[in-house]
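Trainee: I'd like to learn how to read a fold. Could you walk me through one?
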Amino acid sequence: MTASSYAIAWQPEATPSHIAMACAMAGIGWQPRPAMTVADLGCGRGYNANLLAAANPGWTVLGLDHEPSGIAEARQLAAQAGLDNTRFIEADLGGMGLAEIDSLPPLDVVIIHGVWSWVSDAVRAGIVQLLARRLKPGGVAYLGYNALPASGPDMALQRLLRQLAGPFGTGAGEAAAAAARAMVRLRAMARALKLPRTPMLARLLAEPAVLEPGFVAHEFLTAHWRPVFQADLCRDLDAARLDFVGSVNLFEALPGMFCDGEQMAVMRRMGDSAGQEFLKDLCLPRGFRADVFIRGARRVDGVAALHGLWLAQSGTLPEESPVLNTGASRGEIAQPLWTQIATMLRQGPARLGDIHAVLGPAAPNPTEILAILVSTGCVLPLFQGGGPQAAATRFNIAAAATYAPHGEDMGEAAGQYGLATPHGLGGLPASALDLAIVAALLEGEAAEPVALAQHLQPRLEGERLLMAQGRIAARLAEKLPTWRYFGVV
């Protein structure tokens, strides 16, 4: 399977800004710095690595992947964006010798998203060896992986899909074609099989289809797909002297939000972190963990670290208090308190400590406020102010030209993208339409739906033109203030 056979799925959680929030929640002293070296292991098509480099011109960002087509695409995007602080390396992490590993610079941050569960023991050992030799003391690592027990029922589904796919080669598109065959055959026989009714099975059987064959090939047609228990991952990372910090899904640091009284009593008896994390995995019906580790933790005043975080709204804030659905429970901030928070954020970015102080004696714990605001998509962390910066502007224009061409779909192409923001040290979630609108604004178009629709879709007429204008107007109303807060436009 080639790297370009599945859609880009940019993950905002797999960025240093979210790592910093997870560390603050845990009372660990780690903050992104103006000059760092960041590595994205299994970088795929290089979108995340290029975005981080564009948002942070003082960083050096490395992307490593075994797939040459992905590395070629990553280098091309970097060239189009004029980025001189990226380096993309075609590498088999399971076959890198010590000299090759040691040729890499010392690393401040390592991002490993969607790799560990999909690779062989040799590659896992290579990852640990790289972390042990290149991650600096005080450096952090993010790992996103399929976790047990929730992913366990999908192991039979993965074996079945591989059986239904049949043999396939390594040529361009062959794995995706095999996945498409498997999906058709699965739909034909699903009623006759007693498969566990998991969310993934529901997505595979959905009509019309919601999963691309390329995605299914990447997720399931590898011989090495094995979800793991969190404690086993921690044991493997002991060899790199990494300590578990917490999850970038911030609410997971607050088991009282998703465990009942009896479960909390059991958790207190568990004692150690490994036992408590295992109980969380039993209580939460989620098959994917996104965890942060550090090489040498430095404890700090957690309340002070949280109070110092600046937050900005990431879209139009709802009038009613947003509800956090953990999968096991629902949590929300009391409506009168939410009204105060929303009013404050609508006036501009605010420190979490100031938000907490305004709420008075009835205020929830700042960790709970942060977890709900971030997990419901209401806010993102803001690290500095000011207008657009050249590298981020060039990246956003290049990304739009590459992934959101002027087609009749008005930019609603498959994929999940990010806009480089120098003030969030990473990106803002974006659709392809968002990319196209932002690029037009950066190239001098007015923030006016009629003009933008004409610029993006000059051939549209009549009702279709009015629909396009309406969609653009809705995106501007929801997103333009956020793009300005974060220095995108």
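Mentor: Strands and helices here are DSSP runs numbered from the N terminus, at least two residues (E) for a strand and at least four (H or I) for a helix. This is a predicted model, where local features need pLDDT of at least 70, side-chain atom pairs count only at pLDDT 80 or more, and totals for chains, interfaces and linings use all residues. Residues are numbered from 1 along each chain as its sequence is written, and side-chain values use heavy atoms, with hydrogens and water left out.

Trainee: What holds paired strands together, and which residue in E12 is the bridge partner of Ala-312?

Mentor: In general, strands of a sheet pair through backbone hydrogen bonds, either parallel or antiparallel. Two strands count as paired if DSSP finds at least two bridges between them. Here, Ala-312 has Leu-380 in E12 as its bridge partner.

Trainee: Which order do the strands of that open sheet have?

Mentor: The three strands run E11-E8-E12, with antiparallel pairing. Strands E11 (350-351) and E12 (379-382) are at the edges, each pairing on one side only.

Trainee: What order does the open sheet of seven strands have?

Mentor: That one reads E3-E2-E1-E4-E5-E7-E6, and its pairing is mixed. Strands E3 (86-90) and E6 (243-247) stand at the edges with a single partner strand each, so one side of each has no neighbour in the sheet. For a parallel pair, look at E1 (residues 37-41) and E4 (residues 107-113), joined over three bridges. Asp-40 stands opposite Ile-111 in E4.

Trainee: Now helices. At what angle do H7 and H9 cross?

Mentor: You compare axes, which are lines fitted to C-alpha atoms, for helices over the stretch in contact (heavy atoms within 4.5 Å), with angles from 0 to 180 degrees between N-to-C directions. The axes of H7 (residues 174-189) and H9 (residues 213-220) come within 8 Å and cross at roughly 95°. That makes H7 roughly perpendicular to H9 (the label covers 65 to 115 degrees). Ala-176 and Met-183 are among the H7 residues that meet H9, whose side includes Pro-213 and Val-216.

Trainee: And which residues touch the most other members of the largest nonpolar core?

Mentor: A nonpolar core is a set of buried Ala, Val, Leu, Ile, Met, Phe, Trp, Tyr and Cys residues joined through side-chain atoms within 4.5 Å, where buried means under 20% relative accessible area (1.4 Å probe, protein chains only). Of its 114 residues, Tyr-47, Leu-370 and Trp-483 touch the most other members. Helix H18 (residues 432-442) gives the largest share, nine residues.

Conventions. Buried < 20%, exposed > 50% of the residue type's maximum accessible area, 1.4 Å probe, protein only. Parallel < 35°, antiparallel > 145°, perpendicular 65-115°, else oblique.
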